Amino acid sequence: MNTFLTMDPDLKNLSETVEKVEDTLKGYNIKQKEVSKAVLLTEEMLVILAHNTDEGEKITVKIKKSYIELASKGTEIKSKAVDNMGIDLSAAEIHPDAENAIRNMLITANKERFYSKYSNGINHIKIYVGEKTQKALMVTLYSFLIAIVAGSLMRLFVPQNINSLLDEYIFDSVKTLFLNALNMIIGPLVFFSLASCVSTIKDLRELGKLGGKVMGFYVFTTAVAVGMGFLMFHIFNPGTFGEFVGIQTEEVTTEVTSISFKDTILGIVPSNIIDAFATSNTLQIIFLAIIVGVAAGMLGKYSDSVSEVLAKANALVLKIASLITWFLPAMIFSSMVSMIITADFSTFKSMFSVAIAMFAANFGMVVAYMLIVLIFAKTNPIAFIRKTFSAFINAFALSSSNAAMAHTMDVCDKKLGVSPKVYSFSIPLGATINMDGTSVVLTLTVLFFAKTFGITLTPSDYVSMIFTVIVLSMGCPGIPGAGMVCASVLLRQFGIPLDALAMIVGLYSVIDPLTTADNVMGDMTGTYVIAKRSGLVRKTDM
């Protein structure tokens with residue numbers, strides 16, 4: 001059953017309309033938290049829509065259980081009007097000219113909840129109710145669990161020759177198609193994601209004092225996360241050197257030529273732009289993206305138009321990647337069944353060992369946050385964890401930093417006593433670029449597969465890996481399966497076959513809630529430490 005409302009563009013009955021939207025959604029037995037998010041977003045969108053509605057026209061509101069659709073005849077809503085909604089930067093101590101740059105970097109934290117278009121002189125805005133990312137996670141987890149049951153039954157009761165045929169013509173084919181599609185989009189995805197982000201920053205000084213502190217802290221915690229990944233890898237020592245060589249492809253070279261640090265640095269700059277994409281050279285693509293982004297920001301009157309082209313190209317590539325990741329459940333099912341019916345016990349043992357290392361590393365990051373709070377904020381870390389625990393659990397349940405952002409900011413305000421000057425800027429930015437939990441998992445993934453595929457990493461390889469993980473964590477696309485996309489970039493960089501991704505993709509779906517919770521905990525840690533050292537924390541009982 002649908003509910004239809006109308007509203008005058010003079011906004012006189014805005015409150016009444018919003019109240020009716022809220023009452024209707026409550027009637028669908030939707031959780032109060034989801035109702036609040038949808039209502040707040042609806043109110044913002046109605047204000048924007050009213051400013052673009054022709055005189056004498058009405059704004060129509062269509063309410064369904066899964067979405068709210070707004071429409072009115074008028075002038076097209078410019079992207080900047082939508083980009084600026086939902087995030088209040090007015091209280092943040094940053095250069096006024098930086099606000100547009102920051103909002104552009106934060107756009108992925110907002111656009112997953114609405115869709116807008118302009119056709120036949122009418123603006124249409126659809127606001128989604130509920131968390132699509134959580135539903136996608138549940139489908140992924142169900143695929144993982146069903147695959148374990150199906151694969152186990154097939155291994156026990158189906159003849160091996162039949163299993164081999166099914167694996168060759170069905171399960172392996174699905175894996176190959178998915179990995180080929182993913183490999184196709186890797187280069188453009190990394191390039192446009194970073195280039196579009198960098199192009200919005202016309203001058204690094206525009207970020208201001210607070211912005212510089214926040215950005216610097218997030219880089220620091222990402223580096224700590226990479227270090228935690230190294231530490232847990234050496235503590236748990238998962239896998240055996242060369243044990244997966246039997247399933248390697250031509251991509252793997254066990255005899256790695258020693259490359260000096262100088263060669264690594266020189267190799268960052270490509271001699272051929274096309275070749276960088278053709279060979280999926282990650283460092284070269286990152287270099288090109290940063291150069292293009294910086295140059296676009298220095299074009300003066302052409303900067304905005306070029307940045308817009310990069311942003312649209314990024315949106316196109318993200319949409320392609322999203323279409324590919326729609327088939328992630330099928331990929332997980334096929335990969336898990338294939339591994340169960342073909343792999344031996346040692347493979348399962350190795351995968352279990354790296355899973356334990358990943359879980360331990362993520363919990364290790366919580367300990368690291370406690371130490372950071374103790375050392376840099378002179379605050380009782382136990383009290384800090386107690387006050388932020390609800391935000392940690394909320395992020396764990398939602399498995400999306402963006403979806404958890406509203407509650408995270410509420411915790412920073414009411415429980416930590418942080419000034420809006422800090423959290424209104426640092427939390428949305430952290431949801432976009434601060435991915436500590438993801439960095440831990442990426443680091444362990446590369447180290448584990450390099451070892452099990454018999455690849456010896458040199459010191460320069462470690463340096464380039466650390467740099468790539470940090471950059472990828474900041475440019476991680478805001479789509480389901482983003483960690484898997486980043487992992488595929490790193491695997492290609494070190495000559496590890498993408499078949500390895502098929503072995504670990506199921507594990508990623510299981511550990512994703514914890515990595516998300518770590519990401520959010522890192523955001524809150526940075527927010528609190530910077531606010532405390534800047535004298536922007538109200539007195540609390542900590």
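Reader: Which residues are buried in α18?

Author: In α18 the buried residues are Ser-460, Asp-461, Ser-464, Met-465, Thr-468, Val-469, Ile-470, Val-471, Leu-472 and Ser-473. Bear in mind that the model is predicted.

Reader: How should I read such a list?

Author: An α-helix makes a turn in 3.6 residues, so residues three or four places apart point the same way. In this helix, Ser-460 and Ser-464 are both among the buried residues, as are Met-465 and Val-469. As for its length, α18 covers residues 459-474, which is 16 residues. From first C-alpha to last it reaches 23 Å, close to the 22 Å expected at 1.5 Å a residue.

Reader: How many residues does helix α11 have, and how far does it reach?

Author: Helix α11, residues 303-325, has 23 residues and reaches 32 Å between its first C-alpha and its last, close to the expected 33 Å. Its buried residues include Leu-310, Ala-313, Asn-314, Val-317, Leu-318 and Ala-321.

Reader: Why does Leu-318 count as buried?

Author: The cut-off is under 20% relative accessible area. Leu-318 has 14%, and therefore counts as buried.

Reader: What share of the contacts in the chain join residues at least 24 apart?

Author: Of the contacts between residues at least 6 apart in sequence, 80% join residues at least 24 apart. The chain has 542 residues, and buried ones make up 53% of them. Its secondary structure comprises 20 helices and 5 strands.

Reader: In what order do the strands of the sheet lie?

Author: The sheet is open and has 5 strands, in the order β1-β2-β3-β5-β4, with antiparallel pairing. The edges are β1 and β4; each has a single partner strand, so one side of each has no neighbour in the sheet. From one strand to the next, the twist averages 15°. Helix α1 packs on the sheet and touches β1, β2 and β3, its direction making about 170° with that of β1.

Reader: How many bridges join β5 to β3, and how many pair it with β4?

Author: Strand β3, residues 67-73, is joined to β5 by 7 bridges, and the two run antiparallel. One of the partners is Lys-73, paired with Ile-122 of β5. Strand β4, residues 114-119, pairs with β5 over 6 bridges, again in the antiparallel sense. There, Ser-119 stands opposite Ile-122, and Ser-116 opposite Ile-125.

Reader: Which residues make up the covered face of β5?

Author: Side chains in a regular strand alternate between the two faces of the sheet. In β5, residues 122-128, the covered face consists of Asn-123, Ile-125 and Ile-127. The uncovered face has Ile-122, His-124, Lys-126 and Tyr-128.

Reader: Which residue in the hairpin of β4 and β5 takes a positive phi?

Author: Most residues other than glycine have a negative phi. In this hairpin, with 2 residues between the strands, Asn-120 takes a positive phi near 55°. Leu-11 has one of about 70° although it is not a glycine; Leu-11 lies in the loop between β1 and α1. Lys-378 is not a glycine either, and its phi is positive at about 55°. Lys-378 sits in the loop between α13 and α14.

Reader: Why does Lys-378 count as exposed, and why does Leu-11 count as partly exposed?

Author: Exposed means over 50% relative accessible area, and partly exposed lies between that and the cut-off for buried. Lys-378 is at 69% and so counts as exposed. Leu-11 is at 25%, so it counts as partly exposed.

Reader: At what angle do α13 and α17 pack?

Author: Two packed helices are described by the angle and the distance between their axes. Helix α13, residues 345-377, packs with α17, residues 436-452, at about 145°, the axes being 10 Å apart. The crossing is right-handed. Among the contact residues are Val-354, Ala-357, Met-358 and Ala-361 of α13, with Val-440, Val-441, Leu-444 and Phe-448 of α17. By type, the residues of the contact are 11 nonpolar, 4 polar and 1 charged.

Technical notes
Residues are numbered from 1 along each chain as its sequence is written. Side-chain values use heavy atoms; hydrogens and water are left out. Buried means under 20% relative accessible area, exposed over 50%, partly exposed in between (1.4 Å probe, protein chains only). Helices (H or I, at least four residues) and strands (E, at least two) are DSSP runs, numbered from the N terminus. Two strands pair if DSSP finds at least two bridges between them. The expected span of a helix is 1.5 Å times one less than its number of residues. Axes are lines fitted to C-alpha atoms, for helices over the stretch in contact, and angles run from 0 to 180 degrees between N-to-C directions. A crossing is left-handed if the near helix is turned anticlockwise from the far one by less than a right angle, and right-handed if clockwise. Contact means heavy atoms within 4.5 Å. Ala, Val, Leu, Ile, Met, Phe, Trp, Tyr, Cys and Pro count as nonpolar, Asp, Glu, Lys and Arg as charged, and the others, Gly among them, as polar.
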